[in-house]
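Please look through the sequence and the model below before reading on. The report that follows describes how parts of one protein chain meet, and which side chains pair with one another.

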Amino acid sequence: MTPEQYCRNRTRGSGSSFFYAFLFLPEDQRRAIMALYAFCREVDDIADEVKEQEVALSKLAFWREEVSQAFKGKPQHPVGKELAWARSNFSINEELLVEIIDGMLMDVMRKPILKRADLSLYAYRVAGAVGLLSIEVFGYRNRKSRDFATSLGEALQLTNILRDVAEDARIGRIYFPQEDRIRLRVSDQDFKDGNMSDGMRQLLHEYADRAECAYQDALAKLSDEDRESLRPSILMGTIYYTYLQRLREIDFDVWHRPVQVLPLRKIWTAWKTWRYESMAAKKGMPLKLEF
């Protein structure tokens, strides 16, 4: 198996929503973005699946070194080799890859989210940095598009947190800042039990509203000149926005009604978005997230 095939299988096998956005890309862009995504999967799986903290720290240290070696042209791992290829063909920033590892380190070290600034830092590292790397592959001319990428990354990560809140609580992770949980009198046990108290409901609605603002902020920052090249990012946004809408339909009670978006729906959303944007960008029609 070639490194390219390894990364493609890693991306397809993860069941990621993003895979469907990658299908529409030209071959070189698809290869590079799958290398980046396979890297994200490798380090994310360490944070999620490795139980022993020392082992997880050792594995993250391996990837820190592997990234360095990829940029020196001496990678060992198939993903490292594909990152080296991506780096030789696109403006891939080594520091942003390290930021992603630092985000996973926050999970492994069980660093508590005390304030909103802590959550913002976490979201930037695990999602904003990915967005900034992605637009280097997709291509852009206006520097405001970097703000688009970080805002969209925050929106996607907040949606992720709302969707996975029950699953995360079961493994002892709560991403909602402690300052807000204290204000609304929501305890750690409430997250484990799925207690939809008035405070819990208000907390989840507040963060859904934050996600909504981040989506709209991202769209406002996307310049017309980059709208066509960054269409894959818009696809990612529309697929994740579908999750946010489904969460609103169940009033965010994912403990009793887990939210799923079937692969067929993701493909349909990606196709509808691609078709709409192909026409809308040329005619100056508004950006939209709901299909």
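## Terms and model

In this report a residue is called buried when its relative accessible area is under 20%, exposed when that value is over 50%, and partly exposed in between, with a 1.4 Å probe and protein chains only. By this rule D217, at 32% relative accessibility, counts as partly exposed.

This is a predicted model, in which local features need pLDDT of at least 70 and side-chain atom pairs count only at pLDDT 80 or more, while totals for chains, interfaces and linings use all residues. Residues are numbered from 1 along each chain as its sequence is written, and side-chain values use heavy atoms, with hydrogens and water left out.

The protein chain is divided into domain 1 (1-109) and domain 2 (112-290), with bounds that come from an automatic or database domain assignment. Taken over C-alpha atoms, the centres of the two domains are separated by 21 Å. Domain 1 gives 28 residues to the contact and domain 2 gives 28 residues, where contact means heavy atoms within 4.5 Å. The area buried between domain 1 and domain 2 is about 2,600 Å², and carbon and sulfur atoms give 73% of this area; buried area is the accessible area (1.4 Å probe) that two parts lose on being put together, summed over both.

The interface of domain 1 and domain 2 also holds 2 salt bridges, a salt bridge being a side-chain nitrogen of Lys or Arg within 4 Å of a carboxyl oxygen of Asp or Glu. Between domain 1 and domain 2 there are 7 residue pairs in polar contact, both residues at pLDDT 80 or more. A polar contact is a pair of N or O atoms within 3.5 Å; within protein, one must be able to donate a hydrogen and the other to accept it, and residues adjacent in sequence count only if both atoms are side-chain atoms. On the side of domain 1 that touches domain 2, at least two residues each are supplied by α2 (18-22), α3 (27-49) and α6 (94-108), and the largest share, 9 residues, comes from α6. Helices (H or I, at least four residues) and strands (E, at least two) are DSSP runs, numbered from the N terminus. By class, this side of domain 1 has 18 nonpolar, 6 polar and 4 charged residues, where Ala, Val, Leu, Ile, Met, Phe, Trp, Tyr, Cys and Pro count as nonpolar, Asp, Glu, Lys and Arg as charged, and the others, Gly among them, as polar.

## Salt bridges

Side chains of opposite charge can pair when their charged atoms come close. By the salt-bridge rule the count comes to 22. One of these pairs is R183 with E206, whose closest N and O atoms are 2.8 Å apart. R183 lies in helix α10 (residues 178-183) and E206 in helix α12 (residues 198-221), so this pair ties together parts that are 23 residues apart in sequence. R183 is partly exposed, at a relative accessible area of 42%, and E206 is partly exposed at 22%.

Because R201 lies in helix α12 and D251 in the loop between α13 (231-249) and α14 (263-283), the pair ties together parts that are 50 residues apart in sequence. D217 and K221, by contrast, both lie in helix α12, 4 residues apart, which is about one turn of the helix, and their closest N and O atoms are 2.7 Å apart in a salt bridge. Elsewhere, R10, R41, E42, D44 and D45 are linked in a network of salt bridges.

What does T159 contact, leaving aside its neighbours within four places in sequence? T159 is in contact with A211, Y215, Y240, Y243, L244 and L247. T159 has its place in helix α8 (residues 144-163) and counts as buried, at 0% relative accessibility. A polar contact of 2.9 Å joins the side chains of T159 and Y215.

P232, found in helix α13, counts as buried at 2% relative accessibility. P232 and L25 are 207 residues apart in sequence, yet 7.6 Å apart in space, C-alpha to C-alpha. E277, found in helix α14, counts as buried at 1% relative accessibility, and E277 touches R227, R231, I234 and L287, not counting residues up to four places away in sequence.
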